[in-house]
Amino acid sequence: MKKEEIFDITIVGAGPVGLYATYYAGLRDMKTKLIDALSYLGGQLTALYPEKFIYDVAGFPKILAKDLAENLIAQAMQYEPTVCLDEKIVKLEKIEEENIFKLTSEKGDIHLSKSVVLTLGIGAFVPRKLDIPDVQKLEGRGIHYIVKDKSIFKDKNILIVGGGDSAVDWALNLEDIAKNITLIHRRDVFKAHEDSLKKLFNSDVNVKTFYELKRVHGDEHIEGATIFDNRTGEETYLEVEHIILSLGFLANLEFIKEWGLEIDKNAIKVNSKMETNIPGVYAAGDIVNYPGKLKLISTGFGEAAIAVNNAKNYVDPTSKFSPGHSSDFVPKKIKSG
Ligand SMILES: Cc1cc2nc3c(=O)[nH]c(=O)nc-3n(C[C@H](O)[C@H](O)[C@H](O)COP(=O)(O)OP(=O)(O)OC[C@H]3O[C@@H](n4cnc5c(N)ncnc54)[C@H](O)[C@@H]3O)c2cc1C
């Protein structure tokens, strides 16, 4: 069997939190590996809403998700970590006699590490779908679950289905380029930010509550949609070229239970050191739960720093827990700029 290299720390999940953890591990001079199931870095920022502005990351009055991802990647790559993409980890176990962790991917690749930080976010991204004829057939041909490229909506009629942040934000984000936007939601209670809702109801978006999608029309591409009032059953036909189904994502975290991790509210339970119930395995970001947890990028960054500094101390108990101030360091490998 090939002798696998042993890393000081392996970070599983290359979303914003995993990327920041990777930077921090480099800063702490740890031999670092970063793994992600996707073929690109950035997690939700890149996969789900690259073209949306984020307003609540410290130091940036506003920044496009894709630009934040790009900055995080540049920061994380300074210390030249080993990066493995298209590598979904399906098994985590401890080799007790060697005191190291063995991570196995779906493809059967093995990764060995003295410590592990799990930044799995919401797990693999599986959008919630609707069981309506032809929706699946027209996926990518007018049916969308995420918006990757705003420009395709220019001067088009769009139907958005959903009542969460994602649906409301997309309605507001596309308003300036779309010809017309209708947003339908099956209830009159939205799960979106108050400020976004205020903007939505002051916008030109045609908001229809108690409406649901019944049928989609079109052979090669979406041409229309039939929606219905779920109180009366009354149907309305809308001429639309695009339908965005913003119905949330299903998190499949079942496999984590098999890793022996303690789960709390469909997330990994951690203590104030971001330590899981398995010594040497830490977690941070959307995947964790603890009293007072907020699922935000800004809080995830702090959790990443705590997780990595504790992992450093676990791997090398003689090391200081506190990293000191980065402004006092002379970075070794940072290229110009
Ligand atoms: C539309 C939308 C708008 C948002 N707006 C904001 C905002 O304005 N402000 C804010 O703070 N937050 C916002 N969020 C939430 C924010 O994006 C998340 O809190 C953040 O992405 C969490 O980062 P993370 O690194 O923990 O996880 P993620 O970004 O989810 O990244 C996790 C990574 O782990 C990988 N992964 C999962 N399982 C495995 C596995 N088994 N093996 C290998 N890799 C794996 C995934 O592929 C993914 O790349 C928004 C979210 C959405 C959907």
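## Strand β2 and its two faces

Let's start with strand β2, residues 32-35, in this predicted model. Thr-32 and Leu-34 point to one side of the strand, while Lys-33 and Ile-35 point the other way. A regular strand has side chains that alternate between the two faces of the sheet. Here both sets are tucked in: Thr-32, Lys-33, Leu-34 and Ile-35 are all buried.

## The neighbours of β2

Strand β1 (residues 6-12) runs parallel to β2, and 4 bridges join the two.

Now over to helix α5, which spans residues 194-201 and has Ser-196, Leu-197 and Leu-200 as its buried residues. These three lie on the same side of α5 because they cover an arc of only 100 degrees around the axis. An α-helix has 3.6 residues a turn, so residues three or four places apart point the same way.

What covers the buried residues of α5? Among the elements that do so are α4 (165-174) and β13 (206-209). The face of α5 turned away from the buried side carries Glu-194 and Lys-198, and both are exposed.

Key: Residues are numbered from 1 along each chain as its sequence is written. This is a predicted model: local features need pLDDT of at least 70, side-chain atom pairs count only at pLDDT 80 or more; totals for chains, interfaces and linings use all residues. Side-chain values use heavy atoms; hydrogens and water are left out. Buried means under 20% relative accessible area, exposed over 50%, partly exposed in between (1.4 Å probe, protein chains only). Two strands pair if DSSP finds at least two bridges between them. The arc is that of the directions from the helix axis to the C-beta atoms. Contact means heavy atoms within 4.5 Å.
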